[in-house]
Amino acid sequence: MQALLVGADRLGNIPDVLADHGITIRQHVSGRDRSHQRKLPSLPKGIQMVILFTDFLGHNVMQSFRSAAREEGVPLVCCRRSVCSLRQALAAGEASCAACPRRPG
């Protein structure tokens with residue numbers, strides 16, 4: 001699964017945690033650039049998940065990426081930029097996806 005990571009300047013051990021869940025980082029955006037605060041026309045091509053690190057993002061940036069993910073039907077994970085928080089958020093997302101009535105097969 002290809003993910004867009006939004007927030008945080010440095011990722012530390014986060015790529016390892018994502019790899020354990022079968023997720024690769026397609027693109028990482030720090031969210032500091034002023035252009036990120038505006039409404040995005042769409043997410044980059046091939047993105048299958050958006051991960052927001054909420055402790056490093058302003059409200060406008062968060063809202064912009066959240067609405068872009070919602071419009072394109074891409075799963076969204078919000079958590080703090082820590083390995084523990086990311087693991088918990090991914091586990092919660094996997095549990096809710098397994099119980100989803102729209103899940104194929």
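Colleague: What pattern does the protein chain follow, read along the sequence?

Modeller: The pattern is β-α-β-β-α-β-α. Helices (H or I, at least four residues) and strands (E, at least two) are DSSP runs, numbered from the N terminus. The chain has 3 helices and 4 strands. This is a predicted model: local features need pLDDT of at least 70, side-chain atom pairs count only at pLDDT 80 or more, and totals for chains, interfaces and linings use all residues. Residues are numbered from 1 along each chain as its sequence is written, and side-chain values use heavy atoms, without hydrogens and water.

Colleague: What does Cys 78 count as?

Modeller: Cys 78 is at 34% relative accessibility, so Cys 78 counts as partly exposed.

Colleague: How many disulfides does the structure hold?

Modeller: The structure holds 0. A disulfide is a pair of cysteine sulfur atoms within 2.5 Å. The sulfur of Cys 79 lies 7.7 Å from the closest cysteine sulfur, in Cys 78, so the distance is too far for a bond.

Colleague: What makes a nonpolar core?

Modeller: A nonpolar core is a set of buried Ala, Val, Leu, Ile, Met, Phe, Trp, Tyr and Cys residues joined through side-chain atoms within 4.5 Å. Here the largest has 16 residues. Leu 5 and Phe 53 are among those with the most contacts inside it. Strand 1 (2-6) and helix 3 (83-98) are among the elements giving two or more residues to this core.

Terms used: Buried < 20%, exposed > 50% of the residue type's maximum accessible area, 1.4 Å probe, protein only.
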